[in-house]
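Please consult the sequence and the structure alongside the text.

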Amino acid sequence: MTVPHQRRRDPGGKVAHGDYDVVVIGAGFSGMYALYKLRGLGLRLQGYETGDGPGGTWYWNRYPGARVDIESMIYSYSFDERLEQEWQWPEHFSPQPDLEVYANYVVDRFGIRDQVQFETTVTRLRFDEPTSLWHVGTDRGEEATTRFVIAATGSLNATNIPDFKGVETFQGRWYHTSKWPKEGVDFVGRRVGIIGTGSTGIQVIPVVAQEAGHLTVFQRTANFSIPSRNRPLDPEYERGWKQNYRKYREMMKSTASAAVLLGQHTDRSVFDVGDAERDEILEQAWESRSGFKFTGSFKDVRTNEAANEIVAEFVRRKIRQTVQDPEVAELLCPKTHPLGTKRLCLDSGYYETYNRANVTLVDVRANPITEITPAGLRTTAGEYDLDILIYATGFDAMTGSMTRMNVTGTGGLRLEDKWVNGPSNYLGFLVAGFPNLFMIHGPGSPSVLAQMIMSAEWQVDWLHDRISFMLEQGYERVDTTEQWEENWAREVEAAADATLYKKADSWYLGANIPGKPRVFMVYVGGFDNYTRRCTEVVDNGYQGFSFT
Ligand code: NA7
């Protein structure tokens, strides 16, 4: 039953009511669902979104080749069974345009579009202590007040363009992959340069190579990639999923990755089998068309360096077999980090691209980029003339989307100052000194290492119940303490220490942004353990929460 919120929480009429009860920042898959779900509480809701449409990551990352690396029968909403049944994904791993169409379908199907003010960026968030209201300022000069803020601002939203000398002097056209123009870019006959060979670079490079006159790839770190073997969605396979969706979604919830296939890990160690059998198992997984299932072939790939190295060498062999020029092949073989400690990439013809006559690979680890020039780019070894320069250089991940909003909490505490040594938080949801401000996919949560739509749904449902509880109890504020933040930081750290993740200079650790504190920001203990821990603290009498 829905009880009108004002009657329920404020019998004496003493509480200041802001313009809204909940402001949701971001209309990606988390924000969209938050706006839908919280309606059930009869609250006044307002969404803000920088883009002119929904989809978040799948709105912004419209570069050629952009594609989700989790299969679409899994990477989709589970909150509405009719939606599950009526929606048809054309491909096994959806490309960006299909995900954007889906996001638009969902906002219209569930009446979410009218709840969002698009083309509006939240530029300021200030907590007003006397009224316990958040003041939300936007780039349109508006200011609204609200009791709760849900920052559904995305883990990979704040663009990173390295601080190269001369970026603005380039006379050609340049783009960051996550701010790609809607009208697309014509590469035909052009000299194109791409900086970056993370998941994004590995997706965009094969597509641009097909059009460009010449493509020069500037690689600092070679990455591990496995073939996605993307294909049209098999109707039989789709039927199987649709008949079993409830069962599969439940199975997903009990896995570390919130993704059913990824959860089917084995108990077999790399060292339990002989060389021939091991290669046979890896070969089958490589050909299996199941993406990340490859790393699940053995139980110790994520945790044992020697086991990891054996599987890594298998991938290097594949690279050497695929790339015809042995020097280029060697440069493409990852040697700086264990397999999977930076996001494992799924590609469509990445290594094959280096066999094209119009593609050159440049090693900017040996010879770093020194300057962007009006004509192109200079490294310590030479100059490259370019018509178009693409930055596939990633993000100020996990924290950038929060700190760029100028957030001020109690006692004038600024979030950037609070997080100067790392993004302290409790359960990935709350930050001490910033009451009633909740993060979805925040640092300290499984975020990018679990299937993000399911974990967003779970986090939103959890928040819904906490807000509902506060309204019922007449609480105005919820906060946490530094002690509980420290406890949670220890759990996040211990989970990372049980794996090889910290052996890579990755954005999970903040290592891609000069000066960013080196703190492991993702809870890698698994979606299953995370949800269990969050449930436990509530069942134990709201451990770590201070209500006022
Ligand atoms: P990533 O994974 O952060 O990759 C960025 C790439 O840009 C990576 O190859 C970087 O090399 C490279 N880079 C960054 N700065 C420089 C400089 N200064 N010089 C040369 N090269 C540089 O971002 P993506 O967008 O590819 O992927 C982000 C996530 O999206 C991905 O993990 C998936 O979860 C989806 P580096 O490795 O730092 O040496």
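Which backbone atom type of Thr197 lies 2.9 Å from the ligand, and from what kind of ligand atom? A backbone N or O atom of Thr197 lies at that distance from an oxygen atom of the ligand. The model is predicted, so local features need pLDDT of at least 70 and side-chain atom pairs count only at pLDDT 80 or more, while totals for chains, interfaces and linings use all residues. Residues are numbered from 1 along each chain as its sequence is written, and side-chain values use heavy atoms, with hydrogens and water left out.

**Ligand site**
- The ligand is surrounded by 19 residues (a heavy atom within 4 Å of it), and the closest are Thr197, Thr200, Arg220, Thr221 and Lys342.
- By class, this shell has eight nonpolar, eight polar and three charged residues; Ala, Val, Leu, Ile, Met, Phe, Trp, Tyr, Cys and Pro count as nonpolar, Asp, Glu, Lys and Arg as charged, and the others, Gly among them, as polar.
- Ser199 places a backbone N or O atom 3.1 Å from a ligand oxygen atom, and a polar backbone atom of Ala392 is 3.3 Å from an oxygen atom of the ligand.
- Of the 780 Å² that the ligand exposes when taken alone, the protein buries 86% (Shrake-Rupley method, 1.4 Å probe).

**Helix 7**
- Helix 7 (residues 235–253; a DSSP run of H or I, at least four residues) has a kink of about 80 degrees centred on Tyr245; the bend is the angle between axes fitted to the seven residues ending there and the seven starting there.
- Asp234 caps the N-terminal end of helix 7, with a side-chain oxygen 3.1 Å from the backbone nitrogen of Glu236.
- Its buried residues (under 20% relative accessible area, 1.4 Å probe, protein chains only) are Glu238, Trp241, Lys242, Tyr245, Arg249 and Met252.
- The cover over these buried residues includes helix 4 (81–86), helix 14 (452–473) and helix 16 (527–539).

**Strand 6**
- Thr146 is found in strand 6 (residues 143–151; a DSSP run of E, at least two residues), and Thr146 counts as buried because its relative accessibility is 0%.
- A polar side-chain atom of Thr146 lies 3.1 Å from the backbone oxygen of Asp21, and one lies 3.4 Å from the backbone nitrogen of Val22.
- Val149 also has its place in strand 6 and is buried, with a relative accessible area of 0%.
- Not counting residues up to four places away in sequence, Val149 touches (heavy atoms within 4.5 Å) Val23, Ile25, Leu125, Trp134, Asn436, Leu437 and Phe438.

How values were computed. Buried < 20%, exposed > 50% of the residue type's maximum accessible area, 1.4 Å probe, protein only. Polar contact = N/O pair within 3.5 Å; in protein donor to acceptor, adjacent residues only side chain to side chain.
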